[in-house]
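Biologist: I'd like to learn how to read a fold from its coordinates. Could you walk me through it one feature at a time?

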Amino acid sequence: MKIKNVSLETVCGITSRLPENSLPEIAFAGKSNVGKSSLINALMNRKALARTSAQPGKTQTINFYNINDAMYLVDLPGYGYAKVAQEIREKWGKLIERYLHGSKQLRAVFLLIDIRHEPSENDRRMYEWIVYNGYDPIIIATKLDKIKRSQTEKQLKILRTGLGVKPGTKMLPFSALTKQGRDEIWAVMDEILEEN
């Protein structure tokens, strides 16, 4: 997709009503320090559309980015790392769950996992939870530039095994630094949008 215009259209907090959009939505979930904002900026060819931060857990709302008046890219709150009270984390969980259950336009969920490490308990829980909510997550293995090229397959296998992914699950290695994997992610998103 050629990006002509992008705008942050709706921001939903814990108590907000979710928008009833008419365009297809593709959501991105991931741990707070996995590079979600950097990925979104890279996908949009923008420097600072999604705010990146040295302080993980910056995204505390569901953010709806309107792309070309053709689709929404939906940025879900980061999980597992943010230094917030357990009670607030649980409310974020309920917010995400409300969205996964309530959106009539959600077509796919991408789950971001750091390629360098074995999936954490939080990563596994999030994967299972997305599956439980009726979606087959597409895995984006972030921070690809931080490992040697020769290690890529081995690390992807560790992610596959650690998450216990279903056979045939798409796994896309990505680097925000080099933009490697950006076109592949867009190709998958275009495919999803064409199917609907």
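**Reading strands, cores and charges**

Modeller: Start with a facing pair: Phe 28 stands opposite Asp 75 in E4. Helices (H or I, at least four residues) and strands (E, at least two) are DSSP runs, numbered from the N terminus. This is a predicted model, so local features need pLDDT of at least 70 and side-chain atom pairs count only at pLDDT 80 or more, while totals for chains, interfaces and linings use all residues. Residues are numbered from 1 along each chain as its sequence is written, and side-chain values use heavy atoms, with hydrogens and water left out.

Biologist: In which sense do E2 and E4 pair?

Modeller: Pairing takes at least two DSSP bridges between two strands. E2 and E4 run parallel, over 4 bridges. E3 and E4 are antiparallel, joined by 5 bridges, and Asn 66 has Tyr 72 in E4 as its bridge partner. There are 3 residues between the strands in that E3 and E4 hairpin, where Asn 68 takes a positive phi near 55°.

Biologist: Which residues of E4 point which way?

Modeller: In a regular strand, side chains alternate between the two faces of the sheet. From E4, Met 71, Leu 73 and Asp 75 point one way, Tyr 72 and Val 74 the other, and all are buried (under 20% relative accessible area; exposed is over 50%, partly exposed in between, with a 1.4 Å probe and protein chains only). With 5 of its 5 residues buried, E4 is therefore largely enclosed by the rest of the structure.

Biologist: Which residues touch the most other members of the largest nonpolar core?

Modeller: A nonpolar core is a set of buried Ala, Val, Leu, Ile, Met, Phe, Trp, Tyr and Cys residues joined through side-chain atoms within 4.5 Å. The largest one has 33 residues, and Ile 62, Phe 64, Val 74, Leu 76, Tyr 99, Leu 111 and Ile 139 touch the most other members. Elements giving it two or more residues include E2, strand E3 (62–67), strand E4 (71–75) and helix H2 (86–102). Another core, of 27 residues, lies apart from it, with Met 44, Ile 140, Phe 174 and Ile 185 among them.

Biologist: Where is Lys 31, and what does its side chain make a polar contact with?

Modeller: Lys 31 sits in the loop between strand E2 (25–30) and helix H1 (36–44). Its side chain makes a polar contact with the side chain of Ser 120 at 3.4 Å (a pair of N or O atoms within 3.5 Å; within protein, one must be able to donate a hydrogen and the other to accept it, and residues adjacent in sequence count only if both atoms are side-chain atoms).

Biologist: How many salt bridges does the structure hold?

Modeller: Side chains of opposite charge can pair when their charged atoms come close. The structure holds 9 salt bridges (a side-chain nitrogen of Lys or Arg within 4 Å of a carboxyl oxygen of Asp or Glu). One of them links Lys 166 and Asp 136, with the closest N and O atoms 2.8 Å apart. Lys 166 is in the loop between H4 and strand E7 (171–173) and Asp 136 in the loop between H3 and E6, so the pair ties together parts 30 residues apart in sequence.

Biologist: Asp 183 and Arg 182 also meet in a salt bridge, so is Arg 182 buried or exposed?

Modeller: Arg 182 is buried, because its relative accessible area is 13%, whereas Asp 183 is exposed, at 56%. Their N to O distance is 3.7 Å.
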